[in-house]
Amino acid sequence: MYKLSGMVILLCLMAFPALAGYKGPSAEVIAKSAIEALKAKDDTRLELTGYIVKSLGDEKYLFRDGTGEATVEIDDSLWRGIEVSDTTKVALLGEVDDDWFGNEIEIEQINLIAE
């Protein structure tokens, strides 16, 4: 019985360090503007804040911030009932995908910004 209890405790202690990890700032590059996102390398994370000003069809939208405009791709499933207009400020999270025709900005999450 003591052996079994000792084994369980030992296994728990061995698994504990696997749960810990570094939670501070990283060296990961994050594009924060439309212009940065258009120039970024493949798989660069992005956090854009601005306005979706136009639907371009086929899940593509024109995004505008203080630096310029960029075409972003937002899957229909991400909208989750969110309604925006060209005057609704949003935060878009996603990444840059380098394809044959240049950088494509793929959005993974949309958040409304209260003003």
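Guide: Buried means under 20% relative accessible area, exposed means over 50%, and partly exposed is in between (1.4 Å probe, protein chains only). The model is predicted, so local features need pLDDT of at least 70 and side-chain atom pairs count only at pLDDT 80 or more, while totals for chains, interfaces and linings use all residues. Residues are numbered from 1 along each chain as its sequence is written, and side-chain values use heavy atoms, with hydrogens and water left out.

Visitor: Why is Glu-104 called buried?

Guide: Glu-104 has a relative accessibility of 18%. The cut-off for buried is under 20%, so the word applies.

Visitor: What makes Lys-60 and Glu-104 a salt bridge?

Guide: A salt bridge needs a side-chain nitrogen of Lys or Arg within 4 Å of a carboxyl oxygen of Asp or Glu. Here the N to O distance is 3.5 Å, so the pair qualifies. Lys-60 is in strand 3 and Glu-104 in strand 6 (residues 102-112), 44 residues apart. Strands are DSSP runs (E, at least two residues), numbered from the N terminus.

Visitor: Why is Lys-60 called partly exposed?

Guide: The relative accessible area of Lys-60 is 24%, which lies between the two limits, so partly exposed is the term. Lys-60 also forms a salt bridge with Glu-73, with the closest N and O atoms 3.1 Å apart.

Visitor: What makes Glu-95 and Arg-45 a link between separate parts of the chain?

Guide: Glu-95 forms a salt bridge with Arg-45, the closest N and O atoms being 3.6 Å apart. Glu-95 lies in strand 5 (residues 89-99) and Arg-45 in strand 2 (residues 45-57), so the pair ties together parts 50 residues apart in sequence.

How values were computed. Helices (H or I, at least four residues) and strands (E, at least two) are DSSP runs, numbered from the N terminus.
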